[in-house]
Protein chains: 4
Amino acid sequence: MLPQWNRNPPFNFTRASHVVLTSRDLSASRDFYTQVIGLVLTEETPDTLYLRGLEELAHHSLLIRLTPEDQPFCQSIGFRVSDDEDIEKALHHLRSNGLSVSELDVPHQGRTIRFVDPVGAVIELCSSMDLAQRCMREFHLFKGGSPQRLDHFQVATHDVQLATEFYSELGFRLAEYTAGNGDELWGTWLERKGNTHDLVFTNGRGPRLHHFAFTTPDAQSLIHACDVSGSLRAGDIIDRGPGRHGISNALFVYFRDPDGHRIELFTTHYQFIDLEAPPIRWEISDPRRAQLWGFPASRRWFFEASEFEGAPVSEPLLRADPPTLEAYLART
Amino acid sequence: MLPQWNRNPPFNFTRASHVVLTSRDLSASRDFYTQVIGLVLTEETPDTLYLRGLEELAHHSLLIRLTPEDQPFCQSIGFRVSDDEDIEKALHHLRSNGLSVSELDVPHQGRTIRFVDPVGAVIELCSSMDLAQRCMREFHLFKGGSPQRLDHFQVATHDVQLATEFYSELGFRLAEYTAGNGDELWGTWLERKGNTHDLVFTNGRGPRLHHFAFTTPDAQSLIHACDVSGSLRAGDIIDRGPGRHGISNALFVYFRDPDGHRIELFTTHYQFIDLEAPPIRWEISDPRRAQLWGFPASRRWFFEASEFEGAPVSEPLLRADPPTLEAYLART
Amino acid sequence: MLPQWNRNPPFNFTRASHVVLTSRDLSASRDFYTQVIGLVLTEETPDTLYLRGLEELAHHSLLIRLTPEDQPFCQSIGFRVSDDEDIEKALHHLRSNGLSVSELDVPHQGRTIRFVDPVGAVIELCSSMDLAQRCMREFHLFKGGSPQRLDHFQVATHDVQLATEFYSELGFRLAEYTAGNGDELWGTWLERKGNTHDLVFTNGRGPRLHHFAFTTPDAQSLIHACDVSGSLRAGDIIDRGPGRHGISNALFVYFRDPDGHRIELFTTHYQFIDLEAPPIRWEISDPRRAQLWGFPASRRWFFEASEFEGAPVSEPLLRADPPTLEAYLART
Amino acid sequence: MLPQWNRNPPFNFTRASHVVLTSRDLSASRDFYTQVIGLVLTEETPDTLYLRGLEELAHHSLLIRLTPEDQPFCQSIGFRVSDDEDIEKALHHLRSNGLSVSELDVPHQGRTIRFVDPVGAVIELCSSMDLAQRCMREFHLFKGGSPQRLDHFQVATHDVQLATEFYSELGFRLAEYTAGNGDELWGTWLERKGNTHDLVFTNGRGPRLHHFAFTTPDAQSLIHACDVSGSLRAGDIIDRGPGRHGISNALFVYFRDPDGHRIELFTTHYQFIDLEAPPIRWEISDPRRAQLWGFPASRRWFFEASEFEGAPVSEPLLRADPPTLEAYLART
């Protein structure tokens, strides 16, 4: 059943802001994200990389911390709210709803809080950041996929229904969704910024970060990222694509970074602003949902993801699996 | 002096919605807009064309009415507000401010009002439209420039300062601007939907509609529109470009339709959401402002535009002219 | 061992000219080749389709004949020679070498002969064709992948060494090759027209036509063909890609037509004219050979192909198989 | 009148090989050619730059020598012939025809001769070069316009008829031409390598090198060169375009290097191999000839060019001028 959308939420999420990952080798991460993906390195310390897209004014949209451990994690995904007042409202609202919220002091970020949402994902909210330079007019700096800005997150969760209800109440609006037998939600595409998604939930062992996504200006940039990945002998890191999603209509490619974290490069979505526009429903059995061109994704794409640090993982409530590349090849 | 931005406006403009033009030959208009630009024809009557972009769900974003007169006009530019309640608020607010507002009954549009703004431009506000089909996944229908959606309007006005103050009070936020001697505003780029502009004012004889703009997915689509324009022997209609605007960073091309109305095709802007992002200032004397690659626009581009039907035109208060192509060529 | 290249061959092959296929349903073929691929239909009879690329002046480069049989075939692949005198020279040379050669009367073709080469493939030679119109400046006619011209053929053969020796003696020059243990030839890329290949032989059950290839102007056109294939619900027909070949450096995608014949769309090769340029050697075990980005091709791509009508198929002499997608997925 | 094409020329021109320019500032030249155009620097000495395209195996296709003088020159344009034997044949043939020919010792070039052609242009012929690396698979090295290879030269000459006759006798074949009143030749596009041109002559003060041209993989690369030119504040150097030539159907842009030499980046031509294909004729008065999209070139483009060092310049025999941008703007 589709959750009710709250048009007047308690505070104002504005956009996906940043993701915090851990890495076992910052040098390998830096090379991958600056050369293949093409992000700009805002700042580097012995144990942290701060990266951003070419058009981003904010100090960082990707923060990578060195870990001495064997397993890399996602520490949190971050959203922007309008201002400090929103942070106050969020603090109050989330605590009133029984969630654990802490205040954080993160370099280069304005007021920042962190909470664990009802499906276990670790979320940061932040009101502002230090300003860097927009590099969008510095075309001689464009590399790899020429990523413009962080756009959205996809989180695998054991309970898509619960996650969707929580964020709908916080003002996220459903643009598209995948449903299985009856009306059980298998995946939900939720938005705040006026196009199809800022936050996606899909059914699976979770909470785990399936991927974060940066926009590219066009198909050519996306293909150039693949080519650079190949020419730097980093070709194994292409996880899926290029292809065209039915959902959201984006041209996409997915890479795995040196720690296995998954990043999507994609051309932008369609606009989704008018209130009379209904969400689009897709059947889980429809392969065009995920790939308009035919080939489904591999099991690796469906079942591997980055755990949130400190968050226990649960088995999915729903047992409807989408078609996989392995099954597709066996059939043909 | 930069006007103050009102973050809590009296009603909620959401986006540029539609433009209403008159034409002396609907058949020529239809051919141009469907073949060269690539818009979808939603509906056609003996005296009206309703057109929309490939991803647009709303019934029309370009409405063309047959005129028996010699001079074609812009009848109005239209914006969407959230809902009927917003229309009520707008009616009340605009009348309270002494503006003349009328209610309109336009086929396929929900509640619609029309007013004349303080610089004389004719504006429609509309709360909803009949739904058509999004054609963005019907790639076999893509033609010409594969236009996705209406994005913004540029209006020439005799008083950029006044226009900017009016719309700032209504919640439009300044993203970029061109200033002449001292801080006199020559052009202002104002936005509502989270990227650089939905409404632009530039100094000149006005009010006149300088152009309306549709997004294209990429540079290739924009070039294909030029090629189709050339292969259909419609090449004279290219008015400027292709080129890269410094302002907003868009790759652009401008066409003139068979009645002389100007339409821009452009790749999308950068995101402009965070409150701490300051507007970008450009000097009127800086040619990179308008064209990062060097060539300025011709006098024709600067000085020709579509008058609003019934609206008297005033000479600009500011006498600072930008560099023109004619002057550039004479110099070299 | 690499065969000796004969710089002064007995007659002058100039380029790949046309391919002749049979189809069980001409209407399905026509829709696929004109809508998804984007070829121009020069002429149609109840049992034949004549198609050509957008820039091609010659009457046809793809000829499809209706078959009442269950199995579709390739009837022949055709090359152009300079002129009628070359046809005479070819007749004489091929017969002197004990090959069976017949003269053909094909509508719209100048003098034409057909022979069976030493590995069993059926080859046509043709000196000229009726002239159609080049449509390359008719951009409003561009559809699907906007194919420009027929470029090359790939033939699976049981004996790559023998095939390569035969065509080297006829003036084809080796640009790149794949070798297995020692120096056994697994695949050879042979050219006449000054870039990497007009004719390719790869090891496998043969003779069978693996694919024929048309050039596209750019990556965008190639992706548009995929998108149109998806939007016309013809997505299963994508057989491989898009991807980047290491060999020849082409961006590629492979489709299967309604009869299972395989067609490649690809961006063009690099120039290969200078005599001092050595052929490039690739190891069969190197996956970058076939796909610079990582994913190998599926078994279907490697092992399915179109038989030549009337030509018995032999098992390959060489038993070295390349890495497959199935094996790659099982490993990861 | 169209000259007779000699199909069996006395020696074998294979392709445009290299151009030799002088520069007053090698550092500025290096920055322009490596950053904006994107050429690879093979080698650098205190007074020479050797540059090549991304796919070129030959040591250099652009050779720039430091000059202490105020005026930069083109020293020669170079073509490849098949081998040393061809150099011998050329020496003999050219001297037999009364032309002055000298042997040159140029580093990294095989046997090389230089002659002055009947219209005064200085031509080098060269049989081979030292081999560098093809960088076409090193996508991380792609910059600016990602130029692949040198393609052709355009030379302004006082006598297009004479120049065309001379090169037709040497085996160059006419693919397209512009004619004025009656059949006077205003411009001729001549080819050797199987597409529309390797050498172009246009009417004007000459001999002067109008431009040399490198291919780019697609429209996006060409636009990226413009963007980089703009972002490096080198935007004044765009001399014309982007646009689409009617002749040859190429998408083009022209830059001026820091010494004023003109370089074209363009997407490749159509294939021109079959003997039955007639040359295409364009009227000098047809603006689609030069620019399918409408805007003619400026006077600067038509009338500025690089003189050949030591070659006196003559006024053109033909006084038919093409439409210019200045005239076009004055008219509209």
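Mentor: Before we turn to the strands, note that two strands pair if DSSP finds at least two bridges between them. Helices (H or I, at least four residues) and strands (E, at least two) are DSSP runs, numbered from the N terminus. The model is predicted, so local features need pLDDT of at least 70 and side-chain atom pairs count only at pLDDT 80 or more, while totals for chains, interfaces and linings use all residues. Residues are numbered from 1 along each chain as its sequence is written, and chains are lettered from A and ligands numbered from 1 in the order in which they are written.

Trainee: In what order do the eight strands of the open sheet in chain C lie?

Mentor: The order is 2-3-4-1-5-8-7-6, and the pairing is mixed. Strand 2 (40-45) and strand 6 (101-104) of chain C are the edges; each has a single partner strand, so one side of each lacks a neighbour in the sheet. From one strand to the next, the twist averages 25° (axes are lines fitted to C-alpha atoms, for helices over the stretch in contact, and angles run from 0 to 180 degrees between N-to-C directions).

Trainee: How many bridges join strand 2 of chain C to strand 3 of chain C?

Mentor: Five bridges join them, and the two strands run antiparallel. In this pair, T45(C) stands opposite T48(C), which belongs to strand 3 of chain C. Helix 2 (residues 84-96) of chain C packs on the sheet and touches strand 5 (74-81), strand 6, strand 7 (112-116) and strand 8 (122-126) of chain C. The direction of helix 2 makes about 25° with that of strand 7 of chain C.

Trainee: Moving to chain D, how many residues of strand 13 are buried?

Mentor: Eight of the eight residues of strand 13 (residues 208-215) of chain D are buried. A residue is buried if 20 or more other C-beta atoms lie within 10 Å of its own, exposed if 12 or fewer, and partly exposed in between, with C-beta atoms placed from the backbone.

Trainee: Which strand of chain D pairs with strand 13 in the parallel sense?

Mentor: Strand 16 (residues 262-266) of chain D does, over four bridges, with T215(D) opposite F266(D). Strand 9 (residues 150-157) of chain D pairs with strand 13 in the antiparallel sense over six bridges, and there H152(D) stands opposite A213(D). Strand 18 (residues 306-307) of chain D also pairs with strand 13 in the antiparallel sense, over two bridges; R208(D) has E307(D) as its bridge partner.

Trainee: What about helix 1 of chain B: which of its residues are buried?

Mentor: In helix 1 (residues 26-37) of chain B they are S29(B), F32(B), Y33(B), V36(B) and I37(B). Viewed down the helix axis, these buried residues fall within an arc of 110°, so they line one face of helix 1 of chain B; the arc is that of the directions from the helix axis to the C-beta atoms. After helix 1 of chain B comes G38(B), with a positive phi near 95°.

Trainee: How many residues of chain A are in contact with chain C?

Mentor: 24 residues of chain A are in contact with 24 residues of chain C (two residues are in contact if their C-beta atoms, placed from the backbone, lie within 7 Å). On the side of chain A that touches chain C, helix 4 of chain A gives the most, with seven residues. The residues of that side divide into 11 nonpolar, seven polar and six charged. Here Ala, Val, Leu, Ile, Met, Phe, Trp, Tyr, Cys and Pro count as nonpolar, Asp, Glu, Lys and Arg as charged, and the others, Gly among them, as polar.

Trainee: Which residues does the cis peptide bond in chain D join?

Mentor: That bond joins G241(D) and P242(D), with omega about 0°. P242(D) is in strand 14 (residues 238-244) of chain D. In chain B, the peptide bond from G206(B) to P207(B) is cis, with omega near 10°, and P207(B) lies in the loop between strand 12 (199-203) and strand 13 (208-215) of chain B.
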